Amino acid sequence: VMRLARNGLVTFTEDDGLEDTRIASVFEDVSGHVCALTSRFGNVLMHRFDGTKLVAIHPNLPPGIKRSWGWNQVAFQDHAREWWVDTTTGLYRFPSASGVEELAKLSPAAVYTTKDGLSGNEVFRLYEDRSGDIWMSFTERASLTRWERTTGKFYQYDGIALPVDSGPTAFRDDAAGNLWIGLFHGELVRYRAGKFT
């Protein structure tokens, strides 16, 4: 992983505490700490930058649980300080935590699968929109699911909003509160007032 500083690039390696050099995602937690999710051998491993070096954290997951092959928007801490982690067997939701280090000891608050309303079990992308809802895409097929925070319900949009062969690969809100969804084969979808364009 590299950081662009005023005086140039700074590279961080195993010598700086990085236990795995295959970086799947770099993001900030709600406290502003830079975190990196790595993906070698499919293991779920996070790192937090402490200002000098990277500290490795192994989230408290059952043995054998593997990360999905998604990258970029795949794990994060939401505005309520809960952590969401993608795997090949479902979506793990951890309770509120002040820092990523707590994931090593906390038990998941929930594990969501197709039995709960997901479109698939292998999560490919994750995103929290401005209302606090969680959007996710899956590798099993081009599919999209939204978890509604106010009700705790899942809504599937398979075949309604997306071309059947082009899965969601990127999410972003705009200043007006519209959600923009980038698709694998180049299309762009806007979700506004409950409708897709």
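Student: What makes β11 and strand β12 a pair?

Tutor: In this predicted model, 5 bridges join β11 to strand β12, residues 134-138, and the two run antiparallel. Two strands pair if there are at least two bridges between them, so with 5 bridges β11 and β12 count as a pair. One of the contacts can be named: the bridge partner of Arg-125 is Ser-137 in β12.

Student: Why is β11 called an edge strand?

Tutor: The open sheet has 4 strands in the order β11-β12-β13-β14, with antiparallel pairing. The edge strands are β11, residues 123-128, and β14, residues 153-156, each of which pairs on one side only. From one strand to the next, the twist averages 20°.

Student: Which other open sheet has 4 strands, and which are its edges?

Tutor: An open sheet with the order β15-β16-β17-β18 is also formed by 4 strands, and its pairing is antiparallel. Its edge strands are β15 (168-173) and β18 (195-196), each pairing on one side only.

Student: How do you know that β17 and β18 pair?

Tutor: Strand β17, residues 188-192, is joined to β18 in the antiparallel sense over 2 bridges. Because pairing asks for at least two bridges, the 2 bridges between β17 and β18 meet the requirement. Arg-192 has Lys-195 in β18 as its bridge partner.

Student: What connects β16 to β15 and to β17?

Tutor: β15 and β16 pair over 5 bridges in the antiparallel sense, with Arg-172 standing opposite Trp-180 in β16. These two strands form a hairpin with 5 residues between them, and Gly-177 in the turn has a positive phi of about 90°. On to β17, 4 bridges join β16 in an antiparallel run, and Gly-182 stands opposite Leu-188 in β17. The hairpin of β16 and β17 has 4 residues between its strands, with Gly-186 in the turn at a positive phi of about 105°.

Student: What makes strand β16 mostly covered?

Tutor: Of the 5 residues of strand β16 (179-183), 4 are buried.

Student: Why is Gly-99 called buried?

Tutor: Its relative accessibility is 10%, and buried means under 20%, so Gly-99 counts as buried. Gly-99 is found in the loop between β9 and β10. The C-alpha atoms of Gly-99 and Val-30 are separated by 8.6 Å, although these residues are 69 residues apart along the chain.

Student: What lines the largest pocket, and how much space does it hold?

Tutor: About 340 Å³ of space lies in the largest pocket. It is lined by 18 residues, of which Glu-28, Phe-76, Gln-77, Tyr-127 and Glu-128 are the closest to its centre. The elements giving two or more residues to this lining are β3 (23-28), β7 (75-77) and β11, and the largest share, 4 residues, comes from β3. By kind, the lining residues divide into 8 nonpolar, 5 polar and 5 charged.

Student: How confident is the predictor in this chain, and where is confidence lowest?

Tutor: The mean pLDDT of the chain is 88, and 93% of its residues reach 70 or more. Confidence is lowest in strand β1 (residues 2-5), at a mean of 82, and highest in strand β10 (residues 110-112), at 96. Where pLDDT is low, the predicted coordinates should not be read in detail.

How values were computed: Residues numbered from 1 in each chain as written. Predicted model: local features only at pLDDT ≥ 70, side-chain atom pairs only at ≥ 80, totals over all residues. Heavy atoms only, no water. pLDDT = per-residue confidence, 0-100. Axes fitted to C-alpha atoms, helices over the stretch in contact; angles between N-to-C directions. 1 Å grid on protein atoms, 1.4 Å probe; cavity = no way out; pocket = protein on both sides within 12 Å on 5 of 7 lines; lining within 4 Å. Points joined across faces, edges and corners; volume = space filled by probe spheres on them. Nonpolar A, V, L, I, M, F, W, Y, C, P; charged D, E, K, R; others polar. Buried < 20%, exposed > 50% of the residue type's maximum accessible area, 1.4 Å probe, protein only.
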